[in-house]
Amino acid sequence: MHNTFFLLGNAGRVNLLYGVAVVGFLVGSWFLGRAITVMTKGQNPLVWKGLRKKDEN
């Protein structure tokens with residue numbers, strides 16, 4: 001019975017750790033995207049611009 005409560009107590013900590021990791025990944029991805037945009041002066045090659053018309057060249 002002791003092991004059941006031990007696992008339930010740790011499951012909350014593990015879920016919290018996963019949540020912190022996901023939030024950290026998203027924030028880090030946002031900062032990396034901003035850094036790439038700054039380094040490439042707004043012409044980020046990783047951003048999909050969509051279809052362009054031929055007369056926009």
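Is serine 29 buried, exposed or partly exposed? In this predicted model, serine 29 has a relative accessible area of 35%. Buried means under 20% and exposed over 50%, with partly exposed in between, so serine 29 is partly exposed. The residue is found in helix 1. Its side chain reaches back to the backbone oxygen of phenylalanine 25, at 2.8 Å.

Helix 1 spans residues 2-39. The protein chain holds one helix and zero strands. Of its 57 residues, 4% are buried. The accessible surface of the chain amounts to about 5,700 Å². Carbon and sulfur atoms account for 69% of that surface.

Helix 1 also contains tryptophan 30. A pair of aromatic rings is described by the distance of the centres and the angle of the planes. One aromatic pair was found in a search of the whole structure. Tryptophan 30 and phenylalanine 31 form this pair, with ring centres 5.0 Å apart. Their planes meet at 80°. Planes over 60 degrees apart count as edge-to-face, so the pair is assigned to that class.

Phenylalanine 31 has a relative accessibility of 53%. The cut-off for exposed is over 50%, so phenylalanine 31 counts as exposed. Both members of the aromatic pair also contribute to a nonpolar surface patch. Val23 and Val27 complete the patch, alongside Trp30 and Phe31. The patch covers about 430 Å².

Key: Residues are numbered from 1 along each chain as its sequence is written. This is a predicted model: local features need pLDDT of at least 70, side-chain atom pairs count only at pLDDT 80 or more; totals for chains, interfaces and linings use all residues. Side-chain values use heavy atoms; hydrogens and water are left out. Rings of Phe, Tyr and Trp (its six-membered ring) pair if their centres lie within 6.5 Å; planes under 30 degrees apart count as stacked, over 60 as edge-to-face and the rest as tilted. Buried means under 20% relative accessible area, exposed over 50%, partly exposed in between (1.4 Å probe, protein chains only). Patches are made of residues with over 30% relative accessible area and no salt bridge: like charges are joined within 9 Å, nonpolar side chains (Val, Leu, Ile, Met, Phe, Trp, Tyr) within 5 Å. Accessible areas come from the Shrake-Rupley method with a 1.4 Å probe; for residues, only the protein chains shown count as cover. A salt bridge is a side-chain nitrogen of Lys or Arg within 4 Å of a carboxyl oxygen of Asp or Glu. Helices (H or I, at least four residues) and strands (E, at least two) are DSSP runs, numbered from the N terminus. A polar contact is a pair of N or O atoms within 3.5 Å; within protein, one must be able to donate a hydrogen and the other to accept it, and residues adjacent in sequence count only if both atoms are side-chain atoms.
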